[in-house]
Amino acid sequence: METDHLAHREPALSVQGLSRRFDGTLAVDDLSFEVFAGEILGLVGPNGAGKTTTLRSVAGILPLQQGKVAIGGHDLETDEVEAKKGLAWVPDNPEPFESLTVMEHLEFTAKLYRMKDWRPRAEALIERFELTEKSKAMGSELSRGMRQKLAFCQAWLPRPRVVLMDEPLSGLDPRGIRSAKRAIRELAAEGTAVVLSSHLLELIEELSARLLIIDRGKRVFMGTLSEARVHLSAEEGSSLEDIFLAATGDWREPAPEPRSEPGAVE
Amino acid sequence: MIGGDPALRTLARLKFRGALRKTWKRMRSLSGLLFMALGGGVVVLWIFSIYMSGQGDDGSSPFRDMQIELRPMMQAVMAFFTVVSLSSAANVRGLYLPKSEIEALFAAPVRRTDLVRYRMKTDAWRTMLGGVIFGLIMMRRAPVPLYGFVGTLLALLTLVVVRQAISLLLADAAGRFGHVFKPRLAKLVAIVGGVGIWMLVMTLVMGERFLGDMLDLHDPVATVTALLEHPVVRTLTLPFYPQASLITAESPQAFALWGTVCLTIYLVLFEVTARLPIDFREHSLETSETIAKKLANVKRGGVFSSGTVDKTVASKRVPWFFGRGAFGAVAWVKATEILRKGRRGLFASIFVVGMVSVVITMAMASDPEASRMGAPLFIAVLAVLYLSGGLRVDFRGELDRMERIKSWPLAPPKLFAAILVPQVVTISSFVAFAIVVRAALLDLWHPIIAAALLVLPFIAFAWMAVDNLVFLFKPVRFVPGQEGTLHHTGRALVLFFLRMILFGLVLAAIGVVSILVVWVAEEMLHWGETAKIFTVAGVAAPMFLVADWVLCLFGGMLIQRFDVSRDVG
């Protein structure tokens with residue numbers, strides 16, 4: 001197995017038996033997984049599969065109803081602040097503080113993570129994510145893509161052990177996407193464990209060493225892409241999209257579009 | 001401890017600095033400066049009027065002269081405020097954090113106790129403004145104004161902490177036992193408590209004039225004193241004895257003693273609340289989401305937009321009242337919004353129009369001629385003025401959709417009319433119904449009623465069109481209590497005058513022609529009263545129609561120039 005070498009290492013993030021219920025509906029069902037330092041785990045699943053709920057639970061935004069989460073060995077329930085010191089969260093629609101400038105966001109983040117001498121790294125990140133011209137702009141003045149870039153800067157700044165990203169590339173232009181992909185790779189290379197949730201399967205395929213596929217809150221598959229091919233009896237060279245559809249049990253071809261007269265109006 | 005997490009202190013400092021920066025930015029343009037100055041002037045005048053309101057002609061305070069003991073009165077005021085806080089705490093369960101902040105702060109490495117401290121401290125700053133106003137009211141009534149002011153501020157700050165504690169405890173109770181405090185019960189408590197507070201504040205402001213003249217109590221002093229000395233009231237208000245004693249302190253020694261006691265209570269309550277072992281995250285996320293939706297609804301303006309649609313109502317098809325074309329389609333969407341979302345607003349409006357009719361009828365009862373002729377016109381004017389604000393289904397609710405609306409295949413002037421027509425028809429129908437029912441019940445028929453009903457829809461359209469023109473010219477969506485209050489108050493004042501001037505011009509043009517018609521009918525044709533009334537109505541209606549058409553043309557122009565990338569309010 002390609003993942004055997006990971007078994008002997010201490011996981012940066014460990015999730016055991018996580019379950020989450022909303023008004024009687026089981027959104028996450030006994031989910032367990034581990035992510036190791038320097039690894040990028042791709043989290044995929046259809047709409048409503050429980051990806052965001054999983055990430056929000058692991059980030060400590062939602063209280064844990066059942067299960068254990070440990071970040072860098074610190075239990076999220078019993079040692080919450082220490083656990084969160086090793087964690088950064090990039091939501092799918094980052095909403096910055098309206099009246100704080102870009103640089104002030106980073107000042108606040110540095111204070112949160114008790115960083116000293118944070119300014120050079122902050123300036124480097126602002127430059128790297130092409131926010132230099134906007135460093136004095138307030139949160140309310142940033143476009144969707146810029147808010148996303150600011151969220152990256154905030155996540156990168158404290159050099160966390162684990163970064164959770166929910167649809168991190170939405171709102172970015174092609175240039176921003178390329179730069180974000182490179183930054184994610186470099187972040188992992190620095191030893192950070194990354195959990196990347198996205199509908200962009202090519203992104204997951206390109207960046208992630210391992211996959212976690214969930215459906216209706218349950219773990220359907222976890223492992224590398226080649227393991228997935230074996231596990232799901234997919235053909236050699238089949239894409240992640242094929243594997244995803246196989247795993248989530250949806251092989252149906254889309255119905256042909258109804259023919260209509262050109263220019264017809266109802 | 002009370003200082004809290006340094007990162008959250010930094011956040012509070014940065015946010016304060018950001019608010020100042022935004023204010024400074026607003027003031028950099030001439031219009032911004034003007035709006036700010038006007039808004040500031042309004043607020044200063046308001047505070048000054050509150051401060052002076054307790055003063056009699058000879059400079060005395062009517063409340064102080066009433067010989068009602070102030071301390072038990074203050075205890076009662078505090079008790080009422082706490083009851084109202086209980087009801088608002090039921091709606092804000094857990095710890096309220098704005099939607100834009102909540103995820104970032106919950107995922108951040110800070111203790112939940114520090115988040116509670118942070119929230120209570122920011123709430124305390126917000127309470128200061130209200131505290132200053134209420135402190136000014138109390139200043140003139142307290143034996144020593146400074147003690148009254150300081151005591152009131154401290155009492156209100158304590159209330160902030162009590163409210164937060166109740167929110168947390170209710171969230172915990174709801175988590176364990178389900179919803180223990182039903183929203184309807186909370187609303188009832190809020191209404192009863194609100195009325196109670198209003199009466200107490202009015203008593204403080206107006207004294208015997210309120211109790212004796214307005215409430216018609218024969219011996220107001222004795223009644224209030226008896227109420228405050230009732231054993232049940234005394235027991236219920238006993239926890240507020242220290243705050244009331246601080247406000248009514250008469251010597252420096254009493255002030256120092258009760259000040260120390262109150263400050264200790266505040267600090268102990270603050271720390272105890274922060275350390276309550278309650279995981280509020282789930283309820284806080286829910287509350288934050290609910291409040292964000294409510295704020296968005298308030299920004300859209302009007303009662304209709306905040307209504308929810310139940311499945312039974314949604315399953316009933318709304319007829320296409322205004323035709324099957326593109327105009328009819330747009331009007332149909334708005335009519336659906338009125339009939340499905342605004343049921344509560346519709347009922348409230350029927351009640352208000354009914355009340356307006358009753359009050360005007362009673363006020364004019366002694367003059368039969370005024371009751372027959374003047375009352376229907378008064379009812380029409382007041383009801384249209386109220387309903388156009390209360391039953392708002394206009395462009396304010398469409399601001400988020402302007403991009404799509406602009407792309408619809410309908411000429412902009414028609415689009416402008418189609419958006420407004422359903423609201424105009426609804427309001428005109430309500431008012432017409434009220435006038436006709438009143439006339440039928442009291443047998444007060446007069447030709448002016450028919451004339452008024454003929455002109456009413458055109459006038460109502462003109463009023464709402466002018467209102468929307470000004471809104472589209474300068475779209476502003478503002479929720480009271482949010483930042484930029486002074487700036488928005490000033491701007492609202494300017495826009496109000498602009499609206500009145502525009503509508504006044506329309507009325508003046510039609511008025512001049514109507515006077516000419518009456519003169520001709522009277523002096524040259526020697527017509528009777530009924531003929532004159534119908535002639536004026538017959539002339540005014542088409543003139544208003546022309547005015548409405550012109551306003552639609554302007555509306556169309558404003559829709560065209562509306563910049564969706566900028567004008568988002």
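1. The model is predicted, so local features need pLDDT of at least 70 and side-chain atom pairs count only at pLDDT 80 or more, whereas totals for chains, interfaces and linings use all residues. Residues are numbered from 1 along each chain as its sequence is written, and chains are lettered from A, with ligands numbered from 1, in the order in which they are written.

2. Helices (H or I, at least four residues) and strands (E, at least two) are DSSP runs, numbered from the N terminus.

3. The buried residues of α1(B) are B:Ala7, B:Leu8, B:Leu11, B:Gly18 and B:Arg26. Seen down the helix axis, these buried residues fall within an arc of 90 degrees, so they line one face of α1(B); the arc is that of the directions from the helix axis to the C-beta atoms. The face turned away from that buried side carries B:Leu20 and B:Trp24, which are exposed. A residue is buried with 20 or more other C-beta atoms within 10 Å of its own, exposed with 12 or fewer, and partly exposed in between, with C-beta atoms placed from the backbone.

4. In chain A, A:Glu167 lies in the loop between β7 (162–166) and α6 (174–189), and its phi is near 45 degrees, a positive value in a residue other than glycine.
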